[in-house]
Amino acid sequence: MSIDDEAQEPLEPRVGPVPEDDPEFRPYRHPAAGWGAARSVTRFLLEERALVDGPRAIMRMNHENGGFDCPGCAWPDDTKGLHLDICENGIKHVTWEMTRKRVDRDFFAAHAVTELAGWSDYDLENQGRLTEPMVYDAASDHYVPISWKDAFELVGATLRGLDSPNRAAYYTSGRLGNEATFLYQLMARELGTNNLPDCSNMCHEASGRALQASLGTGKGTVDLKDWESADALFILGVNAASNAPRMLTALAEADRRGARIVHVNPLVEAAATRTIVPHEFTDMALFRTTRTSTLNLQPRIGGDMALLRGMAKAVLEKSASDPKALDVAFIDRHTAGFEEYRALCEATPWEELERQSGLSRDDILEAARVYGEADRSIVSWCLGLTQHEHGVDTVREIVNLLLLRGNLGREGAGPSPVRGHSNVQGNRTCGIDHRPTDAFLDRLADACGIDPPREHGLDTVRTIRAMRDGAVKVFVGMGGNFALAAPDTAATYAALRSCDLTVQVSTKLNRSHVVHGRAALILPCLGRTEKDHQRRGVQSTSVEDSMSMVHLSVGMKRPASPHLLSEPAIVAGMARAALPDSETPWDWYVEDYDRIRDTMAEALEGFEDFNRRVRLPLGFRIKQPARELVFLTPSGRAEFSSAALPDVVPEPGALALGTMRSHDQWNTTIYSDNDRYRGVKNLRTLVFMNRADMRERGIADMGPVDITSTAKDGSSRFLTGYTAIPYDIPRGCAAGYMPEMNVLCALGDYSTQSDQPIMKHLKVTVVPAVG
């Protein structure tokens, strides 16, 4: 092992590839993106033998005319006609999908499921694309081929045989297109259930609930043009260089025009320093960097709410001598609850704000000064704020701060959540919601001629519990890798194995195929990059980005196998079999996706004239009432929140641990055991710690450690033989990678505010490894 001086046992085999060399750690001191990204992409294209297909895809990705939407992050497409609106991780994601490797019937004949369960998750996905539907044969412990007709009939017969439609759950990840999403939720509701758990239940549920309560909308109010005109950008809990790399362009442009950029994160990530944007060829040639931050603040894990309240307190204190510090006219005309919030801020001592945030008063005042001097401010955030017990309160505190200076309903200002996965926001818009409103269900009933259930369904955590306890017998997963993405790995595995039937609609082999129910189907679908041929020609699908823009995506490649079906076709096939008397024209919809969109235009508010508007350059933006200062709240105004400040200071001896992705990773897909932007090579089983915390515990640099988490119910979970890396992180805090560390998050460790697993705020102890 080497290190730069400056700077419960696993339930299943390791996630990433087996390292060929010893682990290394050397702090990263280079700009984000730039030549490092270019070298990484070139190496990846070489390894995947995609030197022709990769560049072709790059020229078609995120283009408004006949291109396909990147299946990676949900950052909006460039508004200025940029021809290379791409990033390192997007290219990797697309190339990983376009691999020439295939997982066919011969592969499954050669490898029993028990054997595959012993493979790493990297090795499972690295086998390539699935080619035909497969069914699990318990007698031989192998997946064997099954026709599409028989696969659909197995699903249909199982669903028809349930004594209640609520015995089934229908999960989706973020990459599902809008048209397939709409058909999927229509099928579930026509069957009679709102059991529609999704990945939002694990990531941005807190954002939606907070914004709905504060503003009457579950989404952010800004668009990319607002980012281009803001005077100050506050980026909280976001690792943009890895999770939304195209944000780097916006940050670089903001710095050049003189905007202030404040990053708030326990770790100073690469995106919070400087960058060389790869499509800016002159900068690349001259190695010329651009700042992406003017201020970096490192609160303790969970301390963001105290920082935000401290900023608000500073603004209110300044207003005593400077009336312009507050937008009094905006507050009087458009808000409710201001006086209660003012009193709360005044009553909160600075000493408590410092203690809970982990920042000094001077740090908080400096952030407040940046905010107060800016005429137009945007506050953006991601999972670093939402995956906490108090995630909803923290996001509402963001809105509180924005309301004080009228940073809403005007250009260059407002709240801007960063959705991390392509079309995760579109999934919710188009009906994947276990708690649908009556208004949504009324429109769906009128447009589709069904009588949808009104009882709320199960979210992700409650679905796992229900499967484990035998209340849910059938699990259908549209994309993703549920077995690895969900919390409490042992409980999730047990839940899936308790099902009568698990159905996984996927492009590649993953852990969810080898952790399955008594009966199991693998249904392979087209990828985003592939042409979707239906009876009336090549079809397009629509997606919604994180700023509510809806646009079309059209694949460019021949499908990996002639036996693949599109996601809408798979949903329709299951629906026909499960609902033999349905009057919904499932086959007719699949012939031409414009027909689906016409029905969506009737059923979904904001999708009127869908087919015409989605074909406009860059598509269309879904109307946001709060952007127009129309607040669909009980008071008809934007609501200040006066939540109590939580105590987030760890108990003596304990650490607050947050899970995160490495740079060479996308959700549960691991491309390598490296994390370039954090200086790590050949290692994923690690924990980043403050060096003083390590010394206090007798832990050596790169020394082996054991990690124990303590759940709300007092139970414990364990990881052994991890490597401790000294890192620039506040005392009392630690961090490591998901999905390996998901085992530490108990099923009961979810927020009572949002029902999200609290994967960014686990209570752990770390000690030198025994033996």
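Aspartate 488 sits in the loop between helix H24 (482–485) and helix H25 (489–497). Its phi is positive, about 50 degrees, although aspartate 488 is not a glycine. Helices (H or I, at least four residues) and strands (E, at least two) are DSSP runs, numbered from the N terminus.

A cis peptide bond joins methionine 738 and proline 739, with omega about 5 degrees. Proline 739 lies in the loop between strand E33 (733–737) and strand E34 (762–768).

## Model and conventions

This is a predicted model: local features need pLDDT of at least 70, side-chain atom pairs count only at pLDDT 80 or more, and totals for chains, interfaces and linings use all residues. Residues are numbered from 1 along each chain as its sequence is written, and side-chain values use heavy atoms, with hydrogens and water left out.

## Helix H18 and its partners

The axes of helix H14 (residues 304–319) and helix H18 (residues 361–373) come within 9 Å and cross at roughly 65 degrees. Axes are lines fitted to C-alpha atoms, for helices over the stretch in contact, and angles run from 0 to 180 degrees between N-to-C directions. H14 and H18 are therefore roughly perpendicular to each other. Angles under 35 degrees count as roughly parallel, over 145 as roughly antiparallel, 65 to 115 as roughly perpendicular and the rest as oblique. The H14 and H18 crossing is right-handed; a crossing is left-handed if the near helix is turned anticlockwise from the far one by less than a right angle, and right-handed if clockwise. H14 supplies Leu307, Gly310, Met311, Ala314, Val315 and Glu317 to the contact, and H18 supplies Arg361, Ile364, Leu365, Ala367, Ala368 and Tyr371. Contact means heavy atoms within 4.5 Å. By class, this contact of H14 with H18 has nine nonpolar, one polar and two charged residues. Ala, Val, Leu, Ile, Met, Phe, Trp, Tyr, Cys and Pro count as nonpolar, Asp, Glu, Lys and Arg as charged, and the others, Gly among them, as polar.

Helix H17 (residues 350–357) also packs with H18, at an angle of about 90 degrees and with axes 9 Å apart. That makes H17 roughly perpendicular to H18. Trp350, Leu353, Glu354 and Ser357 of H17 meet Arg361, Ile364 and Leu365 of H18. The classes in the contact of H17 with H18 are four nonpolar, one polar and two charged.

## Helices H9 and H20

H9 and helix H20 (residues 391–404) pack at about 45 degrees, their axes 8 Å apart. H9 and H20 are therefore oblique to each other. Their crossing is right-handed. From H9 come Ala206, Ser207, Arg209, Ala210, Leu211, Ala213, Ser214 and Leu215; from H20, Gly391, Val392, Val395, Arg396 and Val399. The contact of H9 with H20 divides into eight nonpolar, three polar and two charged residues.

## Pocket and cavity

The largest pocket holds about 1,200 Å³ of space. Its lining has 34 residues, and Gln212, Gly218, Lys219, Asp433 and Thr437 lie nearest its centre. Helix H9 (205–215), helix H21 (424–429) and helix H22 (438–448) are the elements that give two or more residues to this lining. The pocket lining has 10 nonpolar, 14 polar and 10 charged residues.

The second largest cavity holds about 200 Å³ of space. It is lined by 17 residues, of which Gly527, Arg528, Asp532, Thr541 and Glu567 lie nearest the centre. By class, the cavity lining has four nonpolar, eight polar and five charged residues. On a 1 Å grid over the protein atoms alone, a cavity is a set of points where a 1.4 Å probe fits but cannot get out, and a pocket is an open set with protein on both sides within 12 Å along at least five of seven lines; lining residues have an atom within 4 Å of a point. Grid points are joined across faces, edges and corners, and a volume is the space filled by probe spheres set on the points.
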